[in-house]
Amino acid sequence: MIQSELVRFIELPKKQDKRGFLVFAEAERQIPFPIKRVFYIGGVPEGDDRGFHAHKRNQIVLFCISGTIIIKLDNGQEKAKVILDQPDKGLFIDHHIWHSMENFQKDTILLVFASIYYDENDYIRDYGQFKQS
Ligand code: TYD
């Protein structure tokens with residue numbers, strides 16, 4: 001598993017038995033911040049992409065709990081492409097990282113933990129502005 005300044009995987013405990021699996025995450029333990037918000041994304045048309053923004057303050061940890069997703073990361077200097085396809089393997093995305101979620105599949109569901117309440121002013125949605133920030 002390749003880790004770098006930019007690509008920071010988070011592994012959650014997974015309890016597997018004949019009844020299925022159970023994965024859990026705790027704030028300030030596996031998730032490296034006090035969680036303020038949880039959201040999830042699904043029902044995206046197959047092959048579509050979302051995201052294409054960076055945050056000023058918000059940090060997120062993202063899990064693909066069903067299906068697969070490609071995450072592209074860019075810190076202004078370095079770019080990385082990661083595939084998430086396991087419910088217990090997530091990605092920490094710091095603030096000031098331009099990111100997109102690409103090639104959604106029909107069954108893809110993304111679960112996201114965020115460090116701040118929703119604030120549209122926290123978003124940098126223009127790539128040129130991101131490069132200058
Ligand atoms: P948007 O930022 O466009 O999603 P994506 O990052 O996948 O491109 O968010 C979609 C809509 O949901 C937009 O109207 C803002 C709203 N929203 C909230 O109200 N609260 C939230 O926590 C999030 C993440 C989005």
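The legends below walk through close-up views of a predicted model.

Local features here need pLDDT of at least 70 and side-chain atom pairs count only at pLDDT 80 or more, while totals for chains, interfaces and linings use all residues. Residues are numbered from 1 along each chain as its sequence is written, and side-chain values use heavy atoms, with hydrogens and water left out.

**View 1. The residues around the ligand.**
Around the ligand you will find Arg37, Phe39, Ile41, Arg50, Gly51, His53, Tyr118, Tyr123 and Arg125. Four of these shell residues are nonpolar, two are polar and three are charged. In this classification, Ala, Val, Leu, Ile, Met, Phe, Trp, Tyr, Cys and Pro are nonpolar, Asp, Glu, Lys and Arg are charged, and the others, Gly among them, are polar. Strand 4 (37-41) and strand 5 (50-55) each provide at least two residues of the shell. Strands are DSSP runs (E, at least two residues), numbered from the N terminus.

**View 2. Polar atoms facing the ligand's oxygen atoms.**
Arg37 places a polar side-chain atom 2.5 Å from an oxygen atom of the ligand, and for a polar side-chain atom of Arg50 the distance to a ligand oxygen atom is 2.6 Å. Gly51 takes part through its backbone, where a polar atom is 3.2 Å from an oxygen atom of the ligand. On its own the ligand has 540 Å² of accessible area, and the protein covers 59% of that. Accessible areas come from the Shrake-Rupley method with a 1.4 Å probe; for residues, only the protein chains shown count as cover.

Side chains of opposite charge can pair when their charged atoms come close. A salt bridge is a side-chain nitrogen of Lys or Arg within 4 Å of a carboxyl oxygen of Asp or Glu, and the whole structure has four of them. In this one, the side chains of Glu102 and Lys72 meet at 3.2 Å, N to O. The pair links distant parts of the chain, 30 residues apart, with Glu102 in strand 10 (residues 98-102) and Lys72 in strand 7 (residues 69-74). Glu102 counts as buried because its relative accessibility is 14%, whereas Lys72, at 34%, is partly exposed. The cut-offs are under 20% relative accessible area for buried and over 50% for exposed, with partly exposed in between (1.4 Å probe, protein chains only).

The closest N and O atoms of Glu120 and Arg125 are 2.8 Å apart. Glu120 is partly exposed at 36% relative accessibility, and Arg125 is partly exposed at 45%. Arg19 and Asp17 also form a salt bridge, with their closest N and O atoms 2.8 Å apart. Arg19 is exposed, at 75% relative accessibility, while Asp17 is partly exposed, at 34%.

**View 3. Pro32 and Val61.**
Pro32 sits in the loop between strand 3 (20-23) and strand 4 and is partly exposed, with 42% relative accessibility. Although 29 residues separate Pro32 and Val61 in sequence, their C-alpha atoms are 8.6 Å apart in space.

Note on methods:
A residue is near a molecule or strand if one of its heavy atoms lies within 4 Å of it. A polar contact is a pair of N or O atoms within 3.5 Å; within protein, one must be able to donate a hydrogen and the other to accept it, and residues adjacent in sequence count only if both atoms are side-chain atoms. Helices (H or I, at least four residues) and strands (E, at least two) are DSSP runs, numbered from the N terminus.
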